[in-house]
Amino acid sequence: MHHGTLSGASAGTGKGATFTLRFDSLPTPVEGPPDLQHSGTKQRRRPLRILFVEDHDDTCQVMSRMLRGFGYTVTCASSVKAALHQIETEEFDLLISDIGLPDGSGLDVMRYIKSRQNLKGIALSGFGMEEDVRRSRQAGFVQHLTKPVNFQKLGAVIEQIAP
């Protein structure tokens with residue numbers, strides 16, 4: 001489904017095996033998502049400040065790099081505790097948060113934020129049933145996107161809801 005290749009090789013019985021999984025890399029966006037570059041991307045005096053909450057290191061690195069490539073300022077947190085600390089010490093324009101976190105839920109992060117300020121949020125989850133979306137919205141998220149995240153859709157949603 002991701003248009004990659006998987007190959008395997010072995011020198012024989014008892015000699016182990018090597019498996020190689022290859023994917024084409026995505027080019028780093030320079031000016032923003034292609035569908036937004038010429039369609040009226042909001043002009044801002046300063047970059048949009050995003051708190052990105054994700055406990056999986058590789059996903060966090062790739063997503064934050066992509067968001068920075070779109071021109072946003074990104075601060076990462078890998079847990080509810082770290083996210084709440086960031087909220088208390090920095091100002092953000094938008095929250096993008098995974099729902100499943102090691103010490104709680106992205107729903108907890110959004111509820112905490114909503115009790116203190118009017119910050120919009122985008123929920124990311126491997127689950128996208130009606131009940132999952134309903135819980136995200138009840139917690140205060142404006143949008144619920146299902147993983148794997150489509151970068152162009154995420155960029156469009158950010159531009160749609162960002163201040």
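Visitor: In which kind of crossing, left-handed or right-handed, does α2 pass α6?

Guide: A crossing is left-handed if the near helix is turned anticlockwise from the far one by less than a right angle, and right-handed if clockwise. Here α2 passes α6 in a right-handed crossing. The model is predicted: local features need pLDDT of at least 70, side-chain atom pairs pLDDT 80 or more, while totals for chains, interfaces and linings use all residues. Residues are numbered from 1 along each chain as its sequence is written, and side-chain values use heavy atoms, without hydrogens and water.

Visitor: At what angle do α2 and α6 pack?

Guide: Helix α2 (residues 57-69) and helix α6 (residues 151-161) pack at about 55 degrees, and their axes lie 11 Å apart. α2 is therefore oblique to α6. Angles under 35 degrees are roughly parallel, over 145 roughly antiparallel, 65 to 115 roughly perpendicular, and the rest oblique.

Visitor: Which residues of α2 and α6 meet?

Guide: Contact means heavy atoms within 4.5 Å. Val62, Met63, Met66 and Leu67 of α2 meet Phe151, Leu154 and Ile158 of α6. By class, this contact has seven nonpolar, no polar and no charged residues.

Visitor: How do the axes of α3 and α4 cross?

Guide: For helix α3 (residues 80-89) and helix α4 (residues 106-116), the axes come within 10 Å and cross at roughly 20 degrees. So α3 is roughly parallel to α4, and α3 passes α4 in a right-handed crossing.

Visitor: And which residues meet in α3 and α4?

Guide: From α3, Val80, Ala83, Leu84, Ile87 and Glu88 meet Val109, Tyr112, Ile113 and Arg116 of α4. That contact divides into seven nonpolar, no polar and two charged residues.

How values were computed. Axes are lines fitted to C-alpha atoms, for helices over the stretch in contact, and angles run from 0 to 180 degrees between N-to-C directions. Helices (H or I, at least four residues) and strands (E, at least two) are DSSP runs, numbered from the N terminus. Ala, Val, Leu, Ile, Met, Phe, Trp, Tyr, Cys and Pro count as nonpolar, Asp, Glu, Lys and Arg as charged, and the others, Gly among them, as polar.
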